[in-house]
Amino acid sequence: MARAAKDTRPIADQATSETACTYAALILYEDNQDIDATKLAKIIKASNLRVEPIWTKVFEKALKGKKVGDLLHGSSGSAGSAPQAQTTSTPAAAETKKAEPVKEVKKAEEPEEDVDMGGLFD
């Protein structure tokens, strides 16, 4: 039985590995395919790169069940996103909110204190 040739390419550094996995995931997304570790590894190998297998598994888990298109367009609906502004239900309530002037809070200015610098600038 013939043994498979050992891959002698050096393993890419962290930044290159992350970038390779990102581009591979985008290729799979554009091709309307599921993103899994084996497909990511196949694309990365075809690009003549070698990454540690953990990177493809991390990307598979991170993107599992996610819509990559939504992630790209910023509408992922994650918990960290800002809440939507509430709209008023009646025009009268909307006018009431517009009529209120914005109040600026001014802080009283405190006089500067002389700080003893130990004769440094005498």
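Apart from residues within four places of it in sequence, Thr56 touches Cys21, Ala37, Leu40, Ala41, Ile44 and Val51.

Thr56 sits in helix α3, which runs over residues 53-63. Is Thr56 buried or exposed? Its relative accessibility is 6%. Buried means under 20%, so Thr56 counts as buried. The side chain of Thr56 also has a polar atom 2.8 Å from the backbone oxygen of Pro53. Pro53 itself is exposed.

The next step is to look at the rest of the helix. Which residues of α3 are buried? They are Trp55, Thr56, Phe59 and Leu63. These residues cover an arc of only 95° around the axis, and therefore they lie on the same side of α3. On the other side of the helix, Pro53 and Lys61 are exposed.

What do the buried residues of α3 pack against? Their partners are three other helices: α1 (14-30), α2 (37-46) and α4 (68-73). The contacts of Thr56 can be read with these ranges in mind: the list includes Cys21, and α1 spans 14-30. Also in the list are Ala37, Leu40, Ala41 and Ile44, while α2 spans 37-46. Just after the end of α3, Gly65 has a positive phi of about 80°.

The chain has five helices and zero strands, and its pattern along the sequence is α-α-α-α-α. Of its 122 residues, 16% are buried. Among contacts with a separation of 6 or more, 56% join residues 24 or more positions apart. The accessible surface amounts to about 11200 Å², and carbon and sulfur atoms account for 53% of that area.

Last comes the confidence of the prediction. The average pLDDT of the chain is 76, and 59% of the residues score at least 70. Where is confidence lowest, and where is it highest? Helix α5 (residues 91-99) has the lowest confidence, with a mean of 53, whereas α2 has the highest, at 94. Helix α2 is also one of the helices that the buried residues of α3 pack against.

Technical notes
Residues numbered from 1 in each chain as written. Heavy atoms only, no water. Helix = DSSP H or I, 4+ residues; strand = E, 2+ residues; numbered from the N terminus. Buried < 20%, exposed > 50% of the residue type's maximum accessible area, 1.4 Å probe, protein only. Polar contact = N/O pair within 3.5 Å; in protein donor to acceptor, adjacent residues only side chain to side chain. Contact = heavy atoms within 4.5 Å. Arc of directions from axis to C-beta. Areas by Shrake-Rupley, 256 points an atom, 1.4 Å probe, with all protein chains shown as cover. pLDDT = per-residue confidence, 0-100.
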